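Reader: I am new to this one. Please take me through the model step by step.

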Amino acid sequence: CKNLRWMEDNPCMNLLKLKAKPKLRRILAPGEDIRLLWACRQSQSHYLYCIVLMGLTTGARKSEILKLIWDDIDFD
């Protein structure tokens, strides 16, 4: 603003920064994992059960699981 001499003060300097809402973290209650896997088996998606099972057992995120290729897996 001052270098270009358009205005004396930057109007954005008086803005308040909005606080971000904390992300919801949910942990499955005892028995919910079994019900979740059963529901995944009932799904019409052939891959849903495997994706959810891998997420539950490894703690990997959805994006990490979906980007996996065979070379990423160490069977030993």
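Reader: What is the accessible surface of the protein chain, and what share of it belongs to carbon and sulfur atoms?

Author: A word first: this is a predicted model. The accessible surface comes to about 8300 Å². Carbon and sulfur atoms hold 58% of that.

Reader: How many residues does the chain have, and what percentage count as buried?

Author: The protein chain has 76 residues, and 8% of them count as buried.

Reader: What radius of gyration does the chain have, against that of a compact globule of 76 residues?

Author: Such a globule would be near 11 Å. The protein chain has 24 Å. Along its principal axes, the C-alpha trace covers about 65 × 35 × 25 Å.

Reader: How many helices and strands are there?

Author: Three helices and zero strands. Reading from the N terminus, the order is α-α-α.

Reader: What does the confidence look like?

Author: Start with the general idea. Where pLDDT is low, the coordinates should not be read in detail. Now this case. The average pLDDT of the protein chain is 88, and 93% of residues score at least 70. Helix H1, residues 32-42, has the highest confidence, at 96. The lowest is in helix H3, residues 62-66, at a mean of 92.

Reader: Which residues of H1 are buried?

Author: Glu32, Leu37 and Cys40. They lie on the same side of H1, because they cover an arc of only 135 degrees around the axis.

Reader: Where is alanine 39, and why does it count as partly exposed?

Author: Alanine 39 is in helix H1. Its relative accessibility is 39%, so alanine 39 counts as partly exposed.

Reader: Is leucine 24 buried or exposed?

Author: Leucine 24 is exposed, with a relative accessible area of 79%. Its place is in the segment before H1.

Reader: And leucine 66: buried or exposed?

Author: Leucine 66 is exposed, at 53% relative accessible area. This leucine 66 is found in helix H3.

Reader: Last topic, charge. How many positive and negative side chains are there?

Author: The protein chain has 13 positive and 9 negative side chains. The centres of the two sets lie 12 Å apart.

Key
Residues numbered from 1 in each chain as written. Predicted model: local features only at pLDDT ≥ 70, side-chain atom pairs only at ≥ 80, totals over all residues. Heavy atoms only, no water. Helix = DSSP H or I, 4+ residues; strand = E, 2+ residues; numbered from the N terminus. Rg over C-alpha atoms; globule rule 2.2 N^0.38 Å. Buried < 20%, exposed > 50% of the residue type's maximum accessible area, 1.4 Å probe, protein only. Areas by Shrake-Rupley, 256 points an atom, 1.4 Å probe, with all protein chains shown as cover. Lys, Arg positive; Asp, Glu negative; His and termini not counted. Charge placed at Lys NZ, Arg CZ, Asp CG, Glu CD. pLDDT = per-residue confidence, 0-100. Arc of directions from axis to C-beta.
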